[in-house]
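Biologist: I have a model on screen and want to learn to read it. Can we start with pockets?
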Amino acid sequence: GADPTWHLYPLRIRDGRRRALFDHLRAHGIGVQVNYIPVCWQPVFADLGHRRGQCPVAEEYYAQEISLPMYPDLTDSDVDRVIDLVRTFVGA
């Protein structure tokens with residue numbers, strides 16, 4: 001009987017412009033973030049011998065992922081604005 005509380009909407013940017021899109025959206029007041037950092041990069045695992053390069057698929061995804069905002073008070077017009085900004089960027 002409960003409604004889900006959505007938290008993140010990951011978007012994968014495969015053309016190498018993730019940082020540029022991040023900066024573009026932030027410049028327009030959109031609270032984007034990168035949330036999927038490979039587990040093997042987490043400091044807690046360093047003592048176990050995990051190092052960069054050990055999980056190439058996760059590391060590739062990390063280089064391409066950006067999380068768009070998603071929260072209960074997000075209005076349809078907010079969603080449309082984010083979509084328009086992403087589309088404008090991708091089309092440029």
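Modeller: A pocket is an open set of points on a 1 Å grid over the protein atoms alone, where a 1.4 Å probe fits, with protein on both sides within 12 Å along at least five of seven lines; lining residues have an atom within 4 Å of a point. Here 17 residues line the largest pocket, and Y9, P69, M70, L74 and V79 lie nearest its centre. This is a predicted model: local features need pLDDT of at least 70, side-chain atom pairs count only at pLDDT 80 or more, and totals for chains, interfaces and linings use all residues. Residues are numbered from 1 along each chain as its sequence is written, and side-chain values use heavy atoms, without hydrogens and water.

Biologist: Which element gives the most to the lining of the largest pocket?

Modeller: Helices (H or I, at least four residues) and strands (E, at least two) are DSSP runs, numbered from the N terminus. α3 leads this lining with five residues.

Biologist: How many disulfides does the structure hold?

Modeller: A disulfide is a covalent bond between the sulfur atoms of two cysteines. The cut-off is a pair of cysteine sulfur atoms within 2.5 Å. This structure holds zero. C40 is in no disulfide; its nearest cysteine sulfur, that of C55, is 3.3 Å away.

Biologist: Is C40 buried or exposed?

Modeller: Buried means under 20% relative accessible area, exposed over 50%, partly exposed in between (1.4 Å probe, protein chains only). C40 has 8% relative accessibility, so it counts as buried. C55 has 29%, so C55 counts as partly exposed.

Biologist: What is L85 in contact with?

Modeller: Contact means heavy atoms within 4.5 Å. Leaving aside neighbours within four places in sequence, L85 is in contact with H24, L25, H28 and I30.
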